Amino acid sequence: MTSFVTGRTQQVAYDGQLSSVQPLRFGVPQGSVLGPLLFVMYTAELHQVVSSHGLTLHQYADDCQIYLTTLVEDAPAAVERFSRCLANVGEWMGSSRLRLNPTKTQVM
């Protein structure tokens with residue numbers, strides 16, 4: 001596992017020019033078989049954060065969905081619970097060097 005995530009470098013090709021080779025301190029090779037598994041392992045605590053609010057988390061690779069079901073008369077309390085959960089998710093993501101992409105974040 002160590003050899004998979006350490007000692008890696010990157011170089012960018014743009015308009016026929018190559019950048020200098022730079023060491024990579026974070027991440028896994030894009031398109032790798034282990035990448036999604038390692039991401040799920042890295043984000044495993046996220047399930048605890050979400051479930052502590054009584055909500056459900058569904059993950060597929062780097063896509064996460066948080067959801068709950070509620071009766072119409074309980075909707076205001078559910079929205080409050082969902083908002084508190086999202087705040088805690090944001091805190092967890094910040095401490096884990098991750099961030100939400102607002103252009104890909106939706107509430108339905």
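Guide: Helices (DSSP runs of H or I, at least four residues) and strands (DSSP runs of E, at least two residues) are numbered from the N terminus. This is a predicted model, in which local features need pLDDT of at least 70, side-chain atom pairs count only at pLDDT 80 or more, and totals for chains, interfaces and linings use all residues. Residues are numbered from 1 along each chain as its sequence is written, and side-chain values use heavy atoms, with hydrogens and water left out.

Visitor: Is Arg 97 buried or exposed?
Guide: The classes rest on relative accessible area with a 1.4 Å probe and protein chains only: buried is under 20%, exposed is over 50%, and partly exposed lies in between. Because the relative accessibility of Arg 97 is 64%, this residue counts as exposed.

Visitor: Which loop holds Asp 15?
Guide: Asp 15 has a positive phi, near 55 degrees, in a residue other than glycine. Its relative accessible area is 70%, so Asp 15 is exposed. Asp 15 belongs to the loop between β2 (13-14) and β3 (17-18).

Visitor: How many bridges join β5 and strand β6?
Guide: Two strands are taken to pair if DSSP finds at least two bridges between them. Strand β5 covers residues 56-60, and strand β6 covers residues 63-67. They pair in the antiparallel sense, and the number of bridges is five.

Visitor: Which residue in β6 stands opposite Leu 57?
Guide: Leu 57 lies on the covered face of strand β5, together with Gln 59. Across the antiparallel pairing of β5 with β6, the residue opposite Leu 57 is Ile 66.

Visitor: Which residues make up the uncovered face of strand β5?
Guide: The two faces of β5 divide its residues, with Leu 57 and Gln 59 on the covered one. The uncovered face consists of Thr 56, His 58 and Tyr 60.

Visitor: What distance separates the nitrogen and oxygen where the side chains of Arg 84 and Glu 80 meet?
Guide: A salt bridge is a side-chain nitrogen of Lys or Arg within 4 Å of a carboxyl oxygen of Asp or Glu. By this rule the count comes to one salt bridge. The side chains of Arg 84 and Glu 80 form a salt bridge, and the N to O distance is 3.4 Å.

Visitor: What distance separates the C-alpha atoms of Gly 90 and Thr 69?
Guide: Gly 90 has its place in helix α4, where its relative accessibility of 35% makes it partly exposed. Thr 69 is 21 residues from Gly 90 along the chain. Their C-alpha atoms are separated by 21 Å.

Visitor: Which helix contains Leu 34?
Guide: Leu 34 has a relative accessible area of 31%, so this residue is partly exposed. The helix in which Leu 34 is found spans residues 34-42 and is α2.
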